[in-house]
Amino acid sequence: MSLIALQNVWVEYPLFGAWNRSFTRSMMPQGRKNAGAAPANGRMITALRDVTLTIAAGERLAVLGSNGSGKTSLVRVLAGLVAPSRGSIRIDGQPSAILSLGCEVYPDATIFETIVLRGLLSGKSRRDSIVLAEKVIEFSELSKVSGQPIGALSSGLVFRLGIGLAIFLGSDIVLLDEVVDTADPNFVTKVKKQFLEKLMPNIVLVIVERSQAIMEDICTRAIILDNGQIVAAGSYREIAEISRGRYTY
Amino acid sequence: MNLAVIGRFSVYAAGVELRRSMIGGRIGILLESLALLLVTAALGTLFGTIFKQNIESYQDYIKSLGAGLIAWIYLSSAINRSCTSISAWSRILRHARVPVAAIPLATLLRSGTVLFLNLILFQIATALLTDSDPLLPISFLFGLALLTANLYCFSFVATLLCLRFRNLPQSISGLLQVGFFLTPLVWPDFFLGRYQFLNEINPFYHLVELIRSPLLGRPIPLLGWAYCVATLIVAALLGLAMNRVSTRRLAYWL
């Protein structure tokens, strides 16, 4: 069964700028002080502070909070894209993150090629990856644009592609970061009927969205993040009530 | 992520890049090989005329020039492309778990395809212009394997460094330009006379010789083998150390 468990997780980013991006400046005595992951002059930002959270299979978690509260950082940690600076994380299952940042895996690849590459990355053979691409394109209704470069996709189509990949790659942890809002409502209904309702008891779902209507429909639990900390946690209805009016999205 | 996954991903990704290059010009990477043929003919005519007093045979000079340029293009394009693609990769690595080891491998496979085409053209040209044996000696394969292993390790280290330090691609490109002029590609290696030791300490020279010597029907010098095995060990150790350092920090460098 899929499970995500975060124990006292901290994520601290060093702020990179011209002063520590330059190789030559970093080699200078003054530059070296600023070049490491923990600059001596304290140019660090803390994205997540002491987050402890467990999400079991069948739970659908909404992550609420204002801009810059750490929602995307949390999703990136859950997707395995960012290693926590402190604390521990346990992920049982195969995560599939659909982020507003896009779903490119190779520069200038087409949508079809990107799905094949995703299949190869998940450990499938080339032939199985091509079959996967055909299935995803059919389910996500992307046949008209399958030859287009992936970078040209709108965020609505990114959602379609991402959800198609999550279904056919058999992901049991699905992370959605501000992509559902942009999708065609008919497609969202299709996904809910054909995917979420059938698989919900066995998967972990984490949603970050601006529109509470979508989350109200799907989520069972919610947390509010503020300045990287969980300030409230509970059932979705209870937390949504607290957050209404207090936070902007 | 296991090596088979990285390998399959890189082979397909190299194919993606080759298909992209076919879209614009139809003849795709063949254009690169034809450009090399043109450059060899132009430089050969120019420098062959300038060096006329000092070279034994014009044919041997142009053959050496062609073989040297083939090796140099393989070397420089593998390293340069790994570095210059970083801006696109830093965007991708923010949202996708792609192993960094696949970036230089895909680039190397693409450069390898260009090398293969260049070698075919070289063999055809030398068979037509000289009476040399069209079959390459077995040492060519060993030399190519050692050069490729070196290039992979160097490109991997360069990729990670370029992800961290964004002004490095320009510096590496500049270093390769200096390397081109300091390595006996256009000028014959005996030109250095008593300063021959400068070639012996030049890593580019030894790397180029790994495939140039067999292409010219010469054995690869023992010093060259030893030098390139040593650079491979150093680059591999550096790569492993960089990989260890970057595993947790990479997300913050993007």
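A surface patch is made of residues with over 30% relative accessible area and no salt bridge, with nonpolar side chains joined within 5 Å. In this predicted model, chain B carries a nonpolar patch of this kind on the surface, formed by Ile27(B), Leu30(B), Leu31(B), Leu34(B) and Leu37(B). Together these residues have about 400 Å² of accessible area. Leu37(B) lies in helix 2 of chain B, which covers residues 30-50.

The interior was examined next. In soluble globular proteins, nonpolar side chains tend to be buried together. The largest nonpolar core of the model has 119 residues. Leu74(A) and Leu161(A) have the most contacts inside this core. Helix 3 of chain B, residues 58-84, gives the most to the core, with twelve residues. Another core, of 30 residues, lies apart from the largest one. Phe159(A), Val179(A), Cys219(A) and Ile239(A) are among its residues.

Met27(A) belongs to helix 2 of chain A, which covers residues 23-27. Its relative accessible area is 43%, so Met27(A) is partly exposed. Met27(A) and Val174(A) are separated by 147 residues in sequence. In space, the C-alpha to C-alpha distance between Met27(A) and Val174(A) is 43 Å.

How values were computed: Residues are numbered from 1 along each chain as its sequence is written. Chains are lettered from A and ligands numbered from 1 in the order in which they are written. This is a predicted model: local features need pLDDT of at least 70, side-chain atom pairs count only at pLDDT 80 or more; totals for chains, interfaces and linings use all residues. Side-chain values use heavy atoms; hydrogens and water are left out. Patches are made of residues with over 30% relative accessible area and no salt bridge: like charges are joined within 9 Å, nonpolar side chains (Val, Leu, Ile, Met, Phe, Trp, Tyr) within 5 Å. Accessible areas come from the Shrake-Rupley method with a 1.4 Å probe; for residues, only the protein chains shown count as cover. A salt bridge is a side-chain nitrogen of Lys or Arg within 4 Å of a carboxyl oxygen of Asp or Glu. Helices (H or I, at least four residues) and strands (E, at least two) are DSSP runs, numbered from the N terminus. A nonpolar core is a set of buried Ala, Val, Leu, Ile, Met, Phe, Trp, Tyr and Cys residues joined through side-chain atoms within 4.5 Å. Buried means under 20% relative accessible area, exposed over 50%, partly exposed in between (1.4 Å probe, protein chains only).
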